[in-house]
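Here's a quick briefing to keep beside the viewer. Have a look at the structure first, then go through the notes.

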Amino acid sequence: MSAGHDTDLLIVGAGPAGVAAAVMADSLGMHTVLIEAGWVGGKLHHIPALQNVPGSWQTGPALAQALAADIARVTETGRCRLVQDRAVRVAGHEDRADVVLANGQVLSAAAAVVATGVTSLGPGHVDWITAPDRFRAAPLWRAAPTDLNDVTHVLGADRPLGTWLRAHPDVRRTLNVLCPPEDDYKAAEVADDDRVQFLPIARVTIAEAGQGQGWNLHTENCSGESVTYIAGTVLSNLGNRPAALDGLVQGEDGYCPAELQHPRILTAGDLGSARFQRIVTAQGAGAKAALARYYDTALAGA
């Protein structure tokens, strides 16, 4: 344990990165506090299919259950404590790192790993969508096949599109995907799936169709041509934005790379960059953060 501190490491977020940090820290004999407002496993609980995660995991909930078992195991050692609360702020000081909880409590340790991940973008967060205040679009990645109707439109071609299609191979309904130019490289992943019809656009204005008919999607493509689509159901698949705590240093894109933070504050997982947002890279980043702090402490003797 670091001199002057009861806890070596505060870990904010119990998704893949946070759990990996806790497991690595426990294996090194470090004392940790893991802070999570929801469930261990985070968004894994809503990911219907896994394809690129070693270990033959078929679904996100199955992997989340395994991560919860990992945390149960390390808490039994007495070196890890799980705190069910929401962290709202992090701060680095010369001699410690602080995490402030929503209830006002301040936790302190020698250092902190922040692995709060990302949250979904909504229509109001992108400049190519104009929509009325009452417009709501459920995220595609949480949609069940029964949520679709004969005319389902999807805003954006982010990668959960491929995940959803793989999770529901027997669903034959067509997803009409409004795809701005910045999503072209993501759309290529499922370009050969005949259940997807890509509708290239530059912008869309959403208005109520009236008489319970859904929504009118007034689109304009990159050539200035206009087309209006009538959508019975509209789902959102716009990508993510970082779930950054107050006190973190954000780059121009809003993400929080480790190199910008206070020396006692480490970031891990999807929070650090828009690139490499995968479960296995998040796990590696979390383990690396805990290991880095361990060696920093050993070399500095503090």
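This is a predicted model: local features need pLDDT of at least 70, side-chain atom pairs count only at pLDDT 80 or more; totals for chains, interfaces and linings use all residues.

Residues are numbered from 1 along each chain as its sequence is written, and side-chain values use heavy atoms, with hydrogens and water left out.

**The sheet**

- Four strands make an open sheet in the order β9-β14-β15-β16, with mixed pairing; strands pair if DSSP finds at least two bridges between them.
- At the edges sit β9 (129–130) and β16 (226–231), each pairing on one side only.
- Helices (H or I, at least four residues) and strands (E, at least two) are DSSP runs, numbered from the N terminus.
- Strand β15 (residues 215–220) runs antiparallel to β16, and 6 bridges join them.
- Across from Glu 220 you'll find Ser 226 in β16.

**Aromatic contacts**

- There are 2 aromatic pairs in the structure; rings of Phe, Tyr and Trp (its six-membered ring) pair if their centres lie within 6.5 Å, with planes under 30 degrees apart counted as stacked, over 60 as edge-to-face and the rest as tilted.
- Phe 135 and Trp 215 are an edge-to-face pair, because their planes are at 90°, with ring centres 4.9 Å apart.
- Phe 135 is in the loop between β9 and β10 (138–139) and Trp 215 is in strand β15, so this pair ties together parts 80 residues apart in sequence.
- Phe 135 and Trp 215 are both buried (buried is under 20% relative accessible area, exposed over 50%, partly exposed in between, with a 1.4 Å probe and protein chains only).
- Tyr 294 and Tyr 295 also pair edge-to-face, at 5.3 Å centre to centre and 70° between the planes.
- The charged end of Arg 142 sits over the ring of Trp 141, 5.8 Å from its centre; the cut-offs are NZ of Lys or CZ of Arg within 6 Å of the ring centre and within 35 degrees of the ring normal.

**Around helix α5**

- Tyr 294 belongs to helix α5 (residues 279–300).
- Tyr 294 is partly exposed at 31% relative accessibility, and Tyr 295 is partly exposed too, at 46%.

**Asp 6**

- Asp 6 lies in the segment before β1 (9–12) and is exposed, with 69% relative accessibility.
- C-alpha to C-alpha, Asp 6 and Ala 109 are 7.0 Å apart in space, yet 103 residues apart in sequence.
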